[in-house]
Amino acid sequence: AGRPFRLDADQLRIQTAQVEEQVDGKVTRRTEFREATATGHARFTTAGSSFEAGRIHFDPATQRITARGSEGAPVVAYDGDGVPTGRFSELIYNVETGQIEQLRDIAAGG
């Protein structure tokens with residue numbers, strides 16, 4: 001439902017669940033995607049922007065990407081040309097709207 005994006009990392013953990021549905025009296029099972037967590041040189045890329053972080057989490061239910069840095073390795077945001085635009089301890093991006101919703105500045109102790 002949201003904008004297309006790419007998530008790269010050293011490690012990518014995907015959580016799924018088996019869901020049963022009953023249609024016309026017939027029970028079917030399908031695998032449902034629940035969340036993804038990228039760690040170690042994680043990079044999120046979409047049209048017009050990208051960012052890197054130690055950990056990036058995607059929640060498809062809320063269509064939110066949460067990127068968190070660590071001490072000495074902040075989240076680094078880039079514009080569409082690959083030019084760094086800021087460093088943060090946390091960044092929340094709305095995939096549906098294509099907008100950054102929240103930033104936690106490194107200097108703010110976040």
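Let us start with a cluster of charges: E21, R30, E32 and R34 are joined in a network of salt bridges. Keep in mind while you look that this is a predicted model.

First, the setting. The chain contains zero helices and eight strands, so that reading from the N terminus the order of elements is β-β-β-β-β-β-β-β.

How much confidence does the prediction carry? The average pLDDT of the chain is 90, and 95% of the residues score at least 70. Confidence in the chain is highest in strand β5, residues 64–68, at a mean of 96, and lowest in strand β8, residues 99–105, at 88.

The side chains of E101 and R64 meet in a salt bridge, at 2.7 Å from N to O. Because E101 belongs to strand β8 and R64 to strand β5, this pair ties together parts that are 37 residues apart in sequence. Are the two partners buried or exposed? E101 is partly exposed, with a relative accessible area of 42%, and R64 also counts as partly exposed, at 27%.

R68 and E90 bring their side chains together in a salt bridge, 2.8 Å from N to O. Here R68 lies in strand β5 and E90 in strand β7, residues 84–94, so the pair connects parts that are 22 residues apart in sequence. R68 is partly exposed, at 38% relative accessibility. E90, in contrast, counts as buried because its relative accessibility is 9%, and buried means under 20%.

R68 also leads us to a glycine. G54 sits in strand β4, residues 49–59. Which residues does G54 touch, leaving aside those up to four places away in sequence? They are A38, T39, G40 and R68. G54 has a relative accessibility of 33% and therefore counts as partly exposed. For a sense of scale, try the distance from G54 to T66: the two are 12 residues apart along the chain, and their C-alpha atoms are separated by 11 Å.

One more pair is worth a visit. R29 forms a salt bridge with E20, and the closest N and O atoms are 3.0 Å apart. Both R29 and E20 are exposed.

Finally, step back to the charges of the whole chain. There are 13 positive and 16 negative side chains, and the centres of the two sets lie 3 Å apart.

Technical notes
Residues numbered from 1 in each chain as written. Predicted model: local features only at pLDDT ≥ 70, side-chain atom pairs only at ≥ 80, totals over all residues. Heavy atoms only, no water. Helix = DSSP H or I, 4+ residues; strand = E, 2+ residues; numbered from the N terminus. Buried < 20%, exposed > 50% of the residue type's maximum accessible area, 1.4 Å probe, protein only. Contact = heavy atoms within 4.5 Å. Lys, Arg positive; Asp, Glu negative; His and termini not counted. Charge placed at Lys NZ, Arg CZ, Asp CG, Glu CD. pLDDT = per-residue confidence, 0-100. Salt bridge = Lys/Arg side-chain N within 4 Å of Asp/Glu carboxyl O.
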